[in-house]
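Dear colleague,

Please find the structure we discussed below. My notes on it follow, and I would be grateful if you read them alongside the coordinates.

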Amino acid sequence: MKFVFWVFLACFCACSMNAQKLSKKDSLRNYIRSLEEDTLKALEYIDLGNMMEEQDSMRYYYDVALDLSRKSDYSKGISRSLSSIANWIIRNENLEAAMEARKAAIKELEERKYFPGLANHNIRLGYMFTQKEEFDSVYHYIQKGVDHAEMAGDKSSMALGNLAIANTYYFQNEFEEALQRYFNVISISSTYELGKTSLVRATAYEYSGIIFENQENPVKASEYYKKASDIYKIKSYPWGIHSINVRQGGILVSEGKYDEAIPKLTEAIDYFINMTGDDGMLAQAYEKRGESYYLQGNMQLAEQDFRSYSNRVRDVDNPYYERRGYYMLGRANVLAGNLREALSNFDQAIEMTSGVEENEFILRILEQKLPILKQYGNTQQVAETYDRLIAIRDSLDKVTIRTNLEELEANYQNELQQKEIELLASENEQANIQKANQRRMFLIIAALLLIIVVALFVLYRNKNKVNQQLQQVNELRTNLYTDIAHEIRTPLTLIKGPVEKQLNNGELPEAGRRDLELIRHNTNRMLSMLDQMMDLSKVQSQTFNKEVVKGNLALLVDELISMFRFKASERSIELHHSISGVEIVKFSRESFEKIISNLLENAVKYSPEGGKVIINSETVDSDFRFSIRNSVSNTSDGLRLEKIFDRHARFDTSASGMGIGLSLVHELVKSLDGQISVSLDNNDEITFDLQLPIVSLEQSLFGSSEAVPDESPAENDKPLILIVEDNSEIRNFTAGIFNSSYEVIQAVDGSDGIRMATEKVPDIIVSDVMMPDTDGVTLCKTVKGSSVTSHIPIILLTAKVSEENELEGLQVGADSYVRKPFNPEILKQQVVNLLDSRDKLRDKYSRTLYLEPVDTLVESSEAIFIGQLTEVLKAHLSDPEFNAASFAGKLSMSRMQLHRKLKALFGLSTTAFLRSERVKASIQHLESNELTISEIAYSVGFNTPSYYIKCFKEIHGVTPQEYSNSKA
């Protein structure tokens, strides 16, 4: 019967696996790439390994999953990976190696105290010892698994473990112990109704029925077979359904109901005859149907079924089926008249039996052998056979064990009924108590609710009045600050304008320049203080703009840090920074910018010359974490950290004060539900730790009916402007003109400007002409000569006033030329006009097909790039695997560079541009009306017709079919 057990176990494991495989391996690989957590990747790699047909590939992905799980200290992933590896070893027919793998897994999981994994591995290891017939180890490991499953609250594994122990008892003919375990399985799985435990319970019912059938109790056996069959039918499990047909067919044969038994057995034979590895069940069906034919007197059909049984088990490496095969072959030879061959078959069957548990089987053989011996007249053999038959018959006493089994089953049923009675009585008692309590509680709650409602109404009315008064006060304060700021800005502007003009005068004496620079510095400082006062007022009155936008947070931090590099270098301050984590997130940009800028300014301002500023920035889940540490001096008088966020807090008595910057930072952080803390290390370093909320952008998996995710870099909606100026104050002043309407980045000289133009690909560049090393003319010539940046409009600023200088700038491709000192409004309008001109050119191209000539649509400097673009599109547009990354590679650009270039020329991201061009390319097919919609979709590079139809309708407002019909 061991063969039946392993056939059942294999079928059960196959039907009880929960892992669902994706329809496409590539889709799963793409999904894994989009995941960030190693724990999630590990589980998906296990599923990917399960999908592999090649054993080496399967093992590779299991090992990858194990490495990721160990790296992230993920116990569940480690357990599942080790289990998959052990199963892989079993599939490669190496039982000993698989057992060692299970033992190593158990040792590792015991160190982690991961009970669900320990339950699984111990139970599976116990199964393996069954194959070696080392039953002490079977009980030891499976019982350990059951104990661990109980610790983990895993009733599914508890049921499976008890089933394994029950089967082990069963195949050793220890029926009482087996039945007790089967009842445990039924009890556990009945309270845990899931697909896996349902099949476990069905197996327990089936084998309980087999025990009762073996003990000649067909009534009980039929009862349990029916329960098992009902579950198999609900779960649509054909193997189980037909195995029960074989069991029930045997009972019908014993009851003489041959006409009912034969159809059931025939149906089972038709099923199992096509199932690889189910020779045991098929043999049983042949035996019982042959017995039916035999008892009906149809000896020819009986002989056929007996021989079919023998043929099916001939190659099965199982002693049980092998000896029964000889027995059935003997019976077939008896029916065929081959009596001597029959006697030989019977003797071979008897020789293969061992132990008293086989006495019943030997008795059946002797009963078949005795009439043949009498026919041949061998008196001595007849006497010996008869004596042995009588001795065995007398030794068989099933009454006691049958009685014990019936008592065991009755106790089980009584225990269930008693529990149900106790539960019902308890429920009734609790219900009565609950009703009485409910009445009392209802009255109490009604009274309390009335009191609470009245109190809440009074509180609400008072709070409303207070809020209205506070709102009025805040509005008055904000208006006052606004009025004061505007009044102060007017004279400051009148002071700053002439000062700037005089500073641009090349004939100004050095002493006068120093005085004017001091005036400009303090004017800017007053303007900054006014801005901070206004911001602080807005935060406190809850009118500050906290709008959340999508943007590159890492880039923002890097740009803010770069603004302070020059100032830090002037004072020989070392500035180190580390930025890591997700770059594209949603965050309150204006608030983040002010918070980080103030912290940076504070660190650079209060670090002593030759000091050090260390900045660390990262994004973790839904938090942005920013840490800045800088050297401090003159701390002998002590620094009261608890007061540092108060307005005008001082480092020491000689300092001019912290101003209101840190107070503004504290209020902004609080308004964003963030956290900021400060600490003093070694009395010479101060550290600010900042934590602010962000929203990570989820990456969606590309499905067959979904849109392709846009692979283009996320960006701010504002145009990106690059300011190139070696003078930090002029650079910051120019940047300040555009901060409100543009995304501004800055370069400290011409070389830095060329680098940033190539890396960032801005929408427009404003550059000074006179700069050391690389001047503005050289920058302009370099930028205009590169296919990556040739489209970028450039405005040159200079103090030179000769026409020759202006002509030189225009000859190298400058789009505009502005003399210093410049009017900020005129400069702003120049930028607006150039960007508008670029937008009109972009609209003109977007209305043309991609294969049309392009030299008349754009400036000559762009002709080469557009030509390259057209050639690449012609060669690869129909390839569905041709995406943003491969597009950039073909043009020898980074994805960001191509994205910015296409955005500037055509107003589309890389992915949107490819999608648009594919739709355009499909129009000529639609107009020719020679291909179907599906054929057109695939021919222009779409993965699915449904996605093509969706994209076409978004662009043209009609479906492809409607467009084709309109052209017909």
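How many salt bridges does the count come to? The count comes to 23, where a salt bridge is a side-chain nitrogen of Lys or Arg within 4 Å of a carboxyl oxygen of Asp or Glu. Side chains of opposite charge can pair when their charged atoms come close.

Before the details, please note that this is a predicted model, in which local features need pLDDT of at least 70 and side-chain atom pairs count only at pLDDT 80 or more, while totals for chains, interfaces and linings use all residues. Residues are numbered from 1 along each chain as its sequence is written, and side-chain values use heavy atoms, with hydrogens and water left out.

Overall composition

The protein has 38 helices and 13 strands; these are DSSP runs numbered from the N terminus (helices: H or I, at least four residues; strands: E, at least two). Of its 968 residues, 45% are buried. Buried means under 20% relative accessible area, exposed over 50%, and partly exposed in between (1.4 Å probe, protein chains only). Among contacts with a separation of 6 or more, 62% are between residues 24 or more positions apart, a contact being heavy atoms within 4.5 Å.

Salt bridges

One of the salt bridges joins Lys71 to Asp38, with the closest N and O atoms 3.8 Å apart. Lys71 belongs to helix 4 (residues 55-71) and Asp38 to helix 3 (residues 38-51), so this pair ties together parts that are 33 residues apart in sequence. Lys71 is exposed, at 66% relative accessibility.

Asp305 and Arg289 form another salt bridge, at 2.8 Å from N to O. Because Asp305 is in helix 16 (residues 299-313) and Arg289 in helix 15 (residues 279-296), the pair ties together parts that are 16 residues apart in sequence. Asp305 is buried at 3% relative accessibility, and Arg289 is buried with a relative accessible area of 13%.

Helix 16 also holds both Arg307 and Glu303, which are four residues apart, about one turn of the helix. Their side chains form a salt bridge whose closest N and O atoms are 3.1 Å apart. Arg307 counts as partly exposed, at 26% relative accessibility. Elsewhere, a network of salt bridges links Lys220, Glu223 and Lys227.

Glu108 and its surroundings

Glu108 lies in helix 6 (residues 95-112) and is buried, at 16% relative accessibility. Leaving aside residues up to four places away in sequence, Glu108 touches Arg70, Ile78 and Leu82. The side chains of Glu108 and Arg70 are joined by a polar contact of 2.8 Å (a pair of N or O atoms within 3.5 Å; within protein, one must be able to donate a hydrogen and the other to accept it, and residues adjacent in sequence count only if both atoms are side-chain atoms).

A search of the whole structure finds one cavity of 30 Å³ or more, a cavity being a set of points on a 1 Å grid over the protein atoms alone where a 1.4 Å probe fits but cannot get out. The largest cavity has a volume of about 40 Å³, a volume being the space filled by probe spheres set on the points, which are joined across faces, edges and corners. Ten residues line this cavity, and Ala554, Ile579, Ser580, Ser617 and Thr619 lie nearest its centre; lining residues have an atom within 4 Å of a point. Helix 23 (553-563), strand 2 (574-580) and strand 4 (612-620) each give two or more residues to the lining.

With kind regards

Methods:
On a 1 Å grid over the protein atoms alone, a cavity is a set of points where a 1.4 Å probe fits but cannot get out, and a pocket is an open set with protein on both sides within 12 Å along at least five of seven lines; lining residues have an atom within 4 Å of a point.
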